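Here is a short briefing on a ligand site and the pockets of a protein. Keep the structure in view as you read.

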Amino acid sequence: MIARLSLFPAKTRVNERGHLVIGGCDAVALASEFGTPLYLFDEASLRSQCARFKTEFGQRYADTAVIYASKAFINKALAAIFNQEGLGLDVVSGGELGIAQSVGFPLARVYFHGNNKTAEELTQALEWGVGHIVVDNLGELRLLNEIAAKQGGKPDILLRISPGIDPHTHRYIATGVTDTKFGFPLADGGEAVAQAMSAPNLNLVGLHFHIGSLITEVKPYEQAIEVMLNFAAEMRLKYGFELSELNIGGGFAVSYTRDTPVPPVSAYAEAITSRVITGCREQGLALPRLIIEPGRAIVATAGVALYRVGAIKGIPGVRNYVAVDGGMGDNIRPALYGARYEAVVANKVWEKTTTKITIVGRFCESGDILIRDITLPQLTAGDIIAVPGSGAYCLPMASNYNASFRPAVVLVRVGNARLIRRRETLDDITRCDLV
Ligand code: LLP
């Protein structure tokens with residue numbers, strides 16, 4: 001089980017009681033203190049991933065801005081940390097924007113995305129001075145131009161273009177292919193640039209693409225960059241368009257299991273920055289500001305989910321089921337994408353792994369399987385299961401299915417644990433009901 005510790009935040013260790021220690025805190029003690037399911041975020045890991053992206057890209061391409069994709073998980077405490085680390089934010093809704101605004105995040109460093117932004121959201125964004133709007137379609141271009149005219153501003157915009165590249169990931173999270181709801185198809189990109197440049201109240205500064213998520217190869221990025229730089233050169237020739245910003249989206253992968261190695265950040269940085277530099281040279285383009293939007297790669301490994309074991313059920317010759325007190329309500333990813341995770345028993349880390357089990361949740365669906373077929377020490381009710389890699393796209397996609405209460409979230413740092421989101425209660429989930 002010790003080898004699995006490589007999937008946890010750096011400096012995760014085991015204490016003399018055989019308990020998992022994350023951010024200097026005994027995970028078993030935290031489970032007792034705050035209850036389960038509990039999501040832990042290791043502050044040092046969050047901060048070091050921010051720094052890693054800034055350094056790895058920045059040392060190869062000085063004019064890089066790292067924008068955290070807040071859909072991977074945001075709340076007030078995290079927004080404040082990303083602000084301190086000097087990152088920008090990618091938001092896709094008035095809600096994400098509102099969280100950023102509520103903690104005084106500098107909104108000039110925000111990029112507002114989305115394939116169907118409402119007039120209210122766009123109006124609010126312009127009122128608050130959001131730095132860039134990433135325009136997805138012609139309807140939005142017209143709408144934004146009208147809103148900007150009313151407000152008397154001239155917001156900076158990027159156009160989201162779909163470069164038609166297959167990123168070799170799960171089809172639900174492949175976004176830069178031709179058949180996608182996101183962005184302008186490449187073939188319509190010229191019309192979009194023409195209209196954006198002639199819109200009197202908009203300032204077109206660049207192009208955006210995001211080819212998908214959990215991309216384990218660098219090649220799709222290189223291909224997409226080449227497509228976009230060719231397109232930019234064509235637009236310069238045709239309309240005098242100047243590419244000041246190239247936003248290449250996110251998608252950088254992390255290892256959820258030990259058998260899925262992924263490129264280090266340095267490999268993505270090397271491939272992406274060198275392709276931008278050579279591509280611009282080939283096309284005679286000035287080097288644009290480079291924007292990257294990592295989400296998962298910043299938060300996934302920093303986050304660990306803790307569950308308590310309850311019912312244990314062996315079906316002879318079939319399967320051993322171990323039920324925990326969370327499941328698809330707090331982590332829909334196994335059910336939705338077939339995502340795989342590993343786990344350790346936080347109170348028995350030294351014990352030999354002897355039994356093949358399937359960890360299931362407490363929700364009323366047979367598909368509520370957290371981890372199928374994992375070998376762990378002999379389990380008994382009350383044991384604490386720790387699932388690494390739970391920091392991205394679990395909590396933000398969590399639901400109140402079965403009127404369950406979404407988990408508490410704790411930030412751990414050098415032996416201190418700070419509650420940054422309390423567990424929901426019955427009052428929370430009935431608050432909006434009217435009788
Ligand atoms: N930029 C844009 C425009 C995006 O749409 C996304 C993710 C990102 C950046 C960040 O991608 P990341 O670095 O996190 O891969 N729920 C799915 C992932 C959905 C990703 C949506 N867009 C999952 O659980 O795997």
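A polar contact is a pair of N or O atoms within 3.5 Å; within protein, one must be able to donate a hydrogen and the other to accept it, and residues adjacent in sequence count only if both atoms are side-chain atoms. A polar side-chain atom of Tyr393 lies 2.6 Å from an oxygen atom of the ligand. This is a predicted model, where local features need pLDDT of at least 70, side-chain atom pairs count only at pLDDT 80 or more, and totals for chains, interfaces and linings use all residues. Residues are numbered from 1 along each chain as its sequence is written, and side-chain values use heavy atoms, with hydrogens and water left out.

**Around the ligand**

- Arg333 also places a polar side-chain atom 2.6 Å from a ligand oxygen atom.
- For Lys71, the distance from a polar side-chain atom to an oxygen atom of the ligand is 3.2 Å.
- On its own the ligand has 590 Å² of accessible area, and the protein covers 91% of that (Shrake-Rupley method, 1.4 Å probe).
- The ligand is surrounded by 21 residues (a heavy atom within 4 Å).
- The closest are Ser213, Glu293, Arg333, Tyr337 and Tyr393.
- This shell has eight nonpolar, seven polar and six charged residues. Here Ala, Val, Leu, Ile, Met, Phe, Trp, Tyr, Cys and Pro count as nonpolar, Asp, Glu, Lys and Arg as charged, and the others, Gly among them, as polar.
- Domain 1 (2-35 + 302-430) and domain 2 (44-299) each give the shell at least three residues. The bounds come from an automatic or database domain assignment.

**The largest pocket**

- A pocket is an open set of points on a 1 Å grid over the protein atoms alone, where a 1.4 Å probe fits, with protein on both sides within 12 Å along at least five of seven lines; lining residues have an atom within 4 Å of a point.
- What is the volume of the largest pocket? About 580 Å³, as the space filled by probe spheres set on the points, which are joined across faces, edges and corners.
- Its lining has 26 residues, with Lys71, Thr175, Phe182, His210 and Tyr393 closest to the centre.

**The second largest pocket**

- Its volume is about 490 Å³.
- Among its 26 lining residues, Gln49, Arg52, Val254, Ser255 and Thr301 lie nearest the centre.
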